[in-house]
Amino acid sequence: MLLEVKNLGVYYYTLSGVVRGAENVSFSVKEGEWITFVGESGSGKSTVAHAVINLVPSPGKVVTGEVIFQGKNLLAMKPEELRRIRGKEISMVFQDPMTSLDPLRKVGDQIIEAMTVHGVDEDEARKRAKELLEKVNLPADRLDYYPHQLSGGQRQRISIAIAMAFNPKLLIADEPTTALDVIVQDAIMDLIDEMKAEGTSIYFVTHDISLAAERSDRIAVMYAGKLVEIGTTEQIIENPLHPYTRALVESVPDLWKESEVRAIPGYPPDLRNPPSGCRFHPRCAVFREKGELRGLCDVKEPEPVEVEPGHLVACHLYGGAGNE
Ligand SMILES: Nc1ncnc2c1ncn2[C@@H]1O[C@H](COP(=O)(O)OP(=O)(O)O)[C@@H](O)[C@H]1O
Ligand SMILES: [Mg+2]
């Protein structure tokens, strides 16, 4: 197993209270697979993605859990050790490349520096930067541009070129296409696919379940800081179990043929004070309709249960140890 996340919890200590950004999150990422995290905005996707590389921004703190990458707990590593891994064995691409690129320096110098900090000599890095630009389908003269002279899509290609520099074991891509139009979005997805073809595992984050369904091997669904369901793409799209996952799938016209498209009623909760029991229960159609679930879903937190091989769901409808 390339990456194993066990019982991860992340809280943000804000002036207005403790935000429970992620709790009891456990999953693993296999060598060479593409896993996508999906869920509405505020469900904890970025929180978990940041914790996986031990980069939770202040005032956030990892409060529980372990992140085992190639056998070592990233959350217990010294800063130098982490620096050796980040950008080399684990690369990251974010929604807005302006936040990771330096606006005052030419993009070529930034690609080169991403390699020289890891000990590649300058000439070699310069040569490699040209090849990387070609790989992401940008003309070589773009090396001399500043980030603001490039379009959003071109900037994202630069971030991917940097991410590709060392053929990493894992790419974490947090909504890398959300700010881009559909055509450019597709081209960026193709580049990520190329990284996968070269052996990189892809940890992708999106709020868009139809995008998740496109290229992922597995899908993990988050709601209100919790991982509520995980399975193969086929399991999640063809046989969604959690009422939240069902609602997400039903909200996309092409994914769900039998019923009309519906938006999920209500809003995600405030994570300073999440609902008791299952965090989804106030919005859950099944809870509202089935009287016998009162006193269970609104009281007791569901534990994940493996319903079919590799398909886990945390919902009282599926019983299991701790959920009866
Ligand atoms: N820097 C921060 N300070 C305080 N709360 C935060 C911060 N970042 C995220 N949160 C909160 O943590 C929760 C999860 O957010 P996030 O991980 O960004 O969700 P997503 O990426 O799924 O949209 C939300 O309630 C959000 O408001
Ligand atoms: Mg996010």
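How do the residues of the shell around ligand 1 divide into nonpolar, polar and charged? The model in which this shell is found is a predicted one, and the shell comprises 4 nonpolar, 8 polar and 2 charged residues. In all, 14 residues surround ligand 1, and the closest are Gly-42, Gly-44, Lys-45, Ser-46 and Thr-47.

Several polar contacts may be followed in this region. The side chain of Lys-45 places an N or O atom 2.8 Å from an oxygen atom of ligand 1. The backbone also takes part: a polar backbone atom of Gly-44 is 3.1 Å from an oxygen atom of the ligand, and a backbone N or O atom of Ser-43 lies 3.1 Å from an oxygen atom of ligand 1. On its own, ligand 1 has 550 Å² of accessible area, of which the protein covers 69%. Strand E1 (3–14), strand E2 (17–29) and helix H1 (45–52) are the elements that give two or more residues to the shell. The largest share, 3 residues, is that of H1.

Eight strands form an open sheet with mixed pairing, in the order E6-E7-E8-E3-E9-E10-E12-E11. Strand E6 (90–93) and strand E11 (305–308) each have a single partner strand, and therefore one side of each is left without a neighbour in the sheet; these two strands stand at the edges. On average, and with direction ignored, neighbouring strands of the sheet are turned by 20° against each other.

Within this order, strand E3 (residues 34–38) pairs with strand E8 (residues 201–206) in the parallel sense, over 5 bridges. Trp-34 stands opposite Ile-202 of E8. Helices accompany the strands. Helix H5 (residues 152–164) packs on the sheet, where it touches E6 and strand E7 (170–174), and the direction of H5 makes about 175° with that of E6. Helix H6 (residues 182–197) lies across E3, E7 and E8, and runs at about 150° to E8.

A last point concerns Asn-73, a residue of strand E5 (residues 72–73). Which residues does Asn-73 contact, leaving aside its neighbours within four places in sequence? They are Glu-66, Val-67 and Ile-68.

Technical notes:
Residues numbered from 1 in each chain as written. Chains lettered and ligands numbered in written order. Predicted model: local features only at pLDDT ≥ 70, side-chain atom pairs only at ≥ 80, totals over all residues. Heavy atoms only, no water. Pairing = 2+ DSSP bridges. Helix = DSSP H or I, 4+ residues; strand = E, 2+ residues; numbered from the N terminus. Axes fitted to C-alpha atoms, helices over the stretch in contact; angles between N-to-C directions. Contact = heavy atoms within 4.5 Å. Near = heavy atom within 4 Å. Polar contact = N/O pair within 3.5 Å; in protein donor to acceptor, adjacent residues only side chain to side chain. Areas by Shrake-Rupley, 256 points an atom, 1.4 Å probe, with all protein chains shown as cover. Nonpolar A, V, L, I, M, F, W, Y, C, P; charged D, E, K, R; others polar.
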